[in-house]
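I open this notebook to record what I looked up in the structure shown below.

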Amino acid sequence: MDDPRSDAALLARTLEHATRHLAGLDAAPVGATATPAELRQRLRRPLTDAGLEPARVIDELVADVAGGLTGSAGGRFFAWVMGGTLPAALAADWLTSTWDQNAAIHACSPAAAVVEEVCEGWLKELLRLPPAASFAMTTGTQLAHLVSLAAARHALLARRGWDVEAEGLQGAPPLRLLTSDQHHGSLDRAVRLLGLGRRALRDLPAGPDGRLAPETLRAALDEAPETATVVVLQAGDLNVGAFDDFARLVPLAHERGAWVHVDGAFGLWAAASAEHRHLLDGAGAADSWVTDGHKWLNVPYDCGYAFVADREAHFASVSHRASYLTQVEGTRDQLDWNPDWSRRARGFATYAAIRQLGRRGVADLVERTCRHARALVDGLGALPGVEVAWRPTINQGLVRFLDPRPGATAADHDRRTDALVAALDADGEAFFGGTTWRGRRCMRVSVCGWRTGEPEVRRAVAAAARVLAGMG
Ligand SMILES: *Cc1c(COP(=O)(O)O)cnc(C)c1O
């Protein structure tokens, strides 16, 4: 397109599509209503020899995906742990695509590189992490795990005289990871991709409060005191948002030479709130931390962050220098810290989100969503036949729907819970997910989106009451 007027016309039309989507979120069903067959039938258009007018491509795309999008950007989406998109972050994200910068190195886009440096500082301040820690802006916690654990692998093996970057893992000293049985599956994948093997990851039983007991960790560490060990602790586990006891566990692990990695995909944001930051007492002494931008900060997908206390270990495991990469004196090349080469300048959205909220806005977002999660779980718990399995300590709760028939078993309650989640999602007023927690099926209640307010909580509870009444 060489005519700037056609650029403007297309983007204006796209703006209309976008605003219509946002304006419709409040009334639209939250779950997808189109079946996979319908979506395939619409979207599997023949690949043509000749191309199409851009405006037609966009109009047809919007029409074809109708009913196939979930309302995760809205205020009635409570499944998994997902956030919406703050207005400034959304707008910055549009510009990111418009500017089309390659955020691989400083020389490709000085502004993108500097924005990431600024985000690094702001994030460390908000999350109360050591100012000297290194930083990677990744696609999410999954890759943030990969980066952090690559740094851990480097440091622990270097201490044992092994250069893992040169020699790989064949013949290397053994390396193990100790974590709670409540850990997220992204950790298993990171361990597999790093060549450590799933068997190197040992699940220790969490206590009834969802936390790892110091005695449990101590016993596991002392079983093999010489073995290179990474201890992975949770700042907000996926079911109940439990925080490990960092103040006791981190020193325990450090006394035994272990590297401590903190999975705080959403929970690390508790640090931004005076009301909740006690949950992270002692976490700042760990060796690496990961969290997401696309969850609690409400930055658009995708965006995650890794921080590593040992900058040299991070740099040694990730950095790359090549003759054709222009190094600019006194600047930061993202390539030295991130696992990707060419990459989206996703720093702009984070920068805009933090500027929109400010310190107080981030704290308020965290506190407000926690309050709504509690109100939602309490509201559901007050309905007949609903049992609260976990009342939120932060923004995650669990409820169970009990089979009213006399003599109903735990398996009947499991079936009833799954049936209720499915019926509630089909109803469209709110959207939830299920999980198995301590051997029982539960409905997860997760509040992360900035658009959730009291009206959305009331609507979700009313929908559950209606669906329950309809099921008898
Ligand atoms: C979401 C989540 C992850 C994975 O994060 P992604 O951004 O999806 O890669 C890891 N751990 C926890 C606790 C999570 O909630």
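**Domains and their contact**

I looked up the domain assignment of the protein chain, which gives domain 1 (102–344) and domain 2 (355–471). I note that the model is a predicted one.

I then asked how many Å apart the C-alpha centres of domain 1 and domain 2 lie. The two centres are 30 Å apart. To the contact, domain 1 contributes 24 residues and domain 2 contributes 27 residues.

I turned to the area buried between domain 1 and domain 2, and found about 2,100 Å². Carbon and sulfur atoms give 61% of that area. Which three residues supply more than any other three of the area that domain 1 buries against domain 2? They are Asn239, Val240 and Trp296, which together supply 34%.

**Polar and charged links across the interface**

I looked for salt bridges between domain 1 and domain 2, and the count is one. I also looked up the salt bridge of glutamate 125, whose partner is arginine 359. In this pair, the closest N and O atoms are 2.7 Å apart.

I next searched the interface of domain 1 and domain 2 for polar contacts, and nine residue pairs were found, with both residues at pLDDT 80 or more. On the side of domain 1 that touches domain 2, I recorded 14 nonpolar, six polar and four charged residues.

**The ligand and its surroundings**

I asked which residues surround the ligand. The residues are Gly140, Thr141, Gln142, His184, Ser186, Gly236, Asp263, Ala265, Phe266, Asp292, His294 and Lys295.

I looked up the distances for three of these neighbours. Glutamine 142 has a polar backbone atom 2.8 Å from an oxygen atom of the ligand. For histidine 294, an N or O atom of the side chain is 2.8 Å from a ligand oxygen atom. For lysine 295, a polar side-chain atom lies 2.8 Å from an oxygen atom of the ligand.

Last, I looked up how much of the ligand the protein covers: on its own the ligand has 380 Å² of accessible area, and the protein covers 85% of it.

Technical notes
Residues are numbered from 1 along each chain as its sequence is written. This is a predicted model: local features need pLDDT of at least 70, side-chain atom pairs count only at pLDDT 80 or more; totals for chains, interfaces and linings use all residues. Side-chain values use heavy atoms; hydrogens and water are left out. Domain bounds come from an automatic or database domain assignment. Contact means heavy atoms within 4.5 Å. Buried area is the accessible area (1.4 Å probe) that two parts lose on being put together, summed over both. A salt bridge is a side-chain nitrogen of Lys or Arg within 4 Å of a carboxyl oxygen of Asp or Glu. A polar contact is a pair of N or O atoms within 3.5 Å; within protein, one must be able to donate a hydrogen and the other to accept it, and residues adjacent in sequence count only if both atoms are side-chain atoms. Ala, Val, Leu, Ile, Met, Phe, Trp, Tyr, Cys and Pro count as nonpolar, Asp, Glu, Lys and Arg as charged, and the others, Gly among them, as polar. A residue is near a molecule or strand if one of its heavy atoms lies within 4 Å of it. Accessible areas come from the Shrake-Rupley method with a 1.4 Å probe; for residues, only the protein chains shown count as cover.
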